[in-house]
Amino acid sequence: MNAFLNFIYEQCTFMFDPLHYHWEHEQMHKKISVLLVLLFLGSLLVIELKRQGLLPDFMAGSIPRNHFFAIQTAFTVVLILEVVSLIFTLPCSFSRSVGKQFEILSLILMRNAFKELSYLPEPITFSGNEQSIYRILSDGFGALLLFALLGVYYRIQTIQHDETSKPGDLFSFVAAKKGIALILLGIFVYMGVKTVLQAVAGVDHPDFFHGFYTLLIITDILLVLIAQSFQPSFFAVFRNSGYALSTLIIRLALAAPPYFNVLLGVAAAVFAIAMTLITSKLFTRQVQKHTDRC
């Protein structure tokens, strides 16, 4: 049985590490940045062609007339890239993974702010559009506040060391998380392709980010249970469970209506910061024994 598990761990590591390396490579980021610029300019061009009546009928029906949709499209792609980066951080520490999820939440709020622009007329007028403007202010300042709290969260993170003195256990634990990350990556690609096909076909579909975040919550709980097999101490279990709870609050923020989404997002960040401060300041000895890293 141990030999079979070791084989699985080795295969997960063999498949995950090259993907992670290529995704984080500097050349990949440069190519993605160029593609984002081209996507934004291309979206603006297609929308303008729609406004001028130069698109064929089979395309014109699914193309918006508002130029601000191009901004929403670009930020949606940025969000997709951040979610992929989040998946690749899952084998790292719980604290880093939670920080990445706060980054995504702040981007979602920023995207929501730009999304409200698509409901405004061109040229923009204030009269009759007060609710959209209020939501832009709420989501925009909420994203800024989360960004600031994220800076605090990262600043108070302690220098972390291996959570176990047994190299074999550490390899198995990280390899198990890499296997889960590979499964999540496959599901994310499937959900994304399905959403794109539904959008092209004109079929109504929910925001697949919300559905994937629900899956992330289940994954966080699974990782807590797996971690307990390798790190059975009360301190480690409570800390990891606390970080998982903060991600649950993030999911509630995504499902909440305007204004409440910001309050829940800030509450999740404050909870994560308090968890970090309590574990690092009041449990100094335990932190030295029970911390983790990539």
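## Lys50 in helix H2

Lys50 sits in helix H2, which covers residues 26-51 (helices are DSSP runs of H or I, at least four residues, numbered from the N terminus). This is a predicted model, where local features need pLDDT of at least 70 and side-chain atom pairs count only at pLDDT 80 or more, while totals for chains, interfaces and linings use all residues. Residues are numbered from 1 along each chain as its sequence is written, and side-chain values use heavy atoms, leaving out hydrogens and water.

Lys50 counts as buried because its relative accessibility is 17% (buried means under 20% relative accessible area, exposed over 50%, with a 1.4 Å probe and protein chains only). A polar atom of the Lys50 side chain lies 2.5 Å from the backbone oxygen of Ile63. Leaving aside residues up to four places away in sequence, Lys50 touches Leu55, Ala60, Ile63, Pro64 and Arg65 (contact is heavy atoms within 4.5 Å).

## A nonpolar patch

On the surface, Phe126, Tyr134, Leu137, Phe141, Leu144, Phe147, Tyr259, Phe260 and Leu263 make up a nonpolar patch with about 1000 Å² of accessible area together. Phe141 belongs to H6 and counts as exposed because its relative accessible area is 59%.

## Helix H1

Helix H1 takes in residues 2-24, 23 residues in total, and spans 32 Å from first C-alpha to last, close to the 33 Å expected at 1.5 Å a residue. Its buried residues include Tyr9, Cys12, Thr13, Phe16 and Trp23.

Notes:
Helices (H or I, at least four residues) and strands (E, at least two) are DSSP runs, numbered from the N terminus. A polar contact is a pair of N or O atoms within 3.5 Å; within protein, one must be able to donate a hydrogen and the other to accept it, and residues adjacent in sequence count only if both atoms are side-chain atoms. Patches are made of residues with over 30% relative accessible area and no salt bridge: like charges are joined within 9 Å, nonpolar side chains (Val, Leu, Ile, Met, Phe, Trp, Tyr) within 5 Å. Accessible areas come from the Shrake-Rupley method with a 1.4 Å probe; for residues, only the protein chains shown count as cover. A salt bridge is a side-chain nitrogen of Lys or Arg within 4 Å of a carboxyl oxygen of Asp or Glu. The expected span of a helix is 1.5 Å times one less than its number of residues.
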